[in-house]
Amino acid sequence: MPETELQVKNWIEIALKYRGKTYIEYRGPNLGNEPLNGFDCSGYVQFVMKEAGVPLPINPATGKEIRHTDEFFDLFGIFIQEQALQRGDFIFVSRNGVKPTHIAIYLGDERVIHATGRETGKVYLSDLERLRQRPIIFDPTKNEQQLYFSNPIGFKRPSIRIGRYQKVLELDNL
């Protein structure tokens, strides 16, 4: 897609529109990604980015548009360090220490918006510190390798592929 055709809207404004919508636990890729029936965390992010006009990549393993937290972690955006966090960046946490299991959108001023059943069962705002305090509970009997020991486990800045390069999407330019 040529860069001139891309019309991206401010995804934080869109994300805030859905504050208070119902959270539902993940039950498959076709549920939890629209406001009528509720959002799971990655379905919420997918919905917001699509409404903003951001083209999401296709997962080469499935041939489908990315939907899951681990797909956003692996296939969308560029990794950044926490010190570089800006409004609109993604924050990832892990429940099990093996893979990313939750995604939130950074609002600035140490605040995030996300869909979670943990505190309210809704899309809501919380302090980044709450994500930092989420424990990782690793189960050594599952024959998996623990990769993460504290939360958050990663930070990404949304970007899109243009040719062989990534173009960073910055809210200040919208």
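**Terms and the rules behind them**

Q: How do you know that helix α2 lies across strands of the sheet, and at what angle to β7 does it run?
A: This is a predicted model. In it, helix α2 (residues 41–51) lies across β6 (90–93), β7, β8 and β9. Contact requires heavy atoms within 4.5 Å. The helix runs at about 50° to β7.

Q: What makes β7 and β8 a pair?
A: Strand β7 (residues 102–108) and strand β8 (residues 111–116) are joined over 3 bridges. The rule asks for at least two bridges, so they count as paired. The sense is antiparallel, and Ile-105 stands opposite Ile-113 in β8.

Q: Why are β5 and β9 called edge strands?
A: The sheet is open, with 6 strands in the order β5-β10-β6-β7-β8-β9 and antiparallel pairing. β5 (78–80) and β9 (122–127) each pair on one side only. The twist from one strand to the next averages 35°.

Q: Which residues lie nearest the centre of the largest pocket, and how many line it?
A: The lining has 19 residues, and Tyr-23, Tyr-26, Cys-41, Arg-95 and Thr-101 lie nearest the centre. A residue belongs to the lining because it has an atom within 4 Å of a pocket point. The space in this pocket is about 470 Å³. α2, α3 (69–75) and β8 each supply at least two lining residues.

Q: How do the lining residues of the largest pocket divide into nonpolar, polar and charged?
A: There are 5 nonpolar, 7 polar and 7 charged residues. Tyr and Cys count as nonpolar and Arg as charged.

Conventions: Residues are numbered from 1 along each chain as its sequence is written. This is a predicted model: local features need pLDDT of at least 70, side-chain atom pairs count only at pLDDT 80 or more; totals for chains, interfaces and linings use all residues. Side-chain values use heavy atoms; hydrogens and water are left out. Helices (H or I, at least four residues) and strands (E, at least two) are DSSP runs, numbered from the N terminus. Axes are lines fitted to C-alpha atoms, for helices over the stretch in contact, and angles run from 0 to 180 degrees between N-to-C directions. On a 1 Å grid over the protein atoms alone, a cavity is a set of points where a 1.4 Å probe fits but cannot get out, and a pocket is an open set with protein on both sides within 12 Å along at least five of seven lines; lining residues have an atom within 4 Å of a point. Grid points are joined across faces, edges and corners, and a volume is the space filled by probe spheres set on the points.
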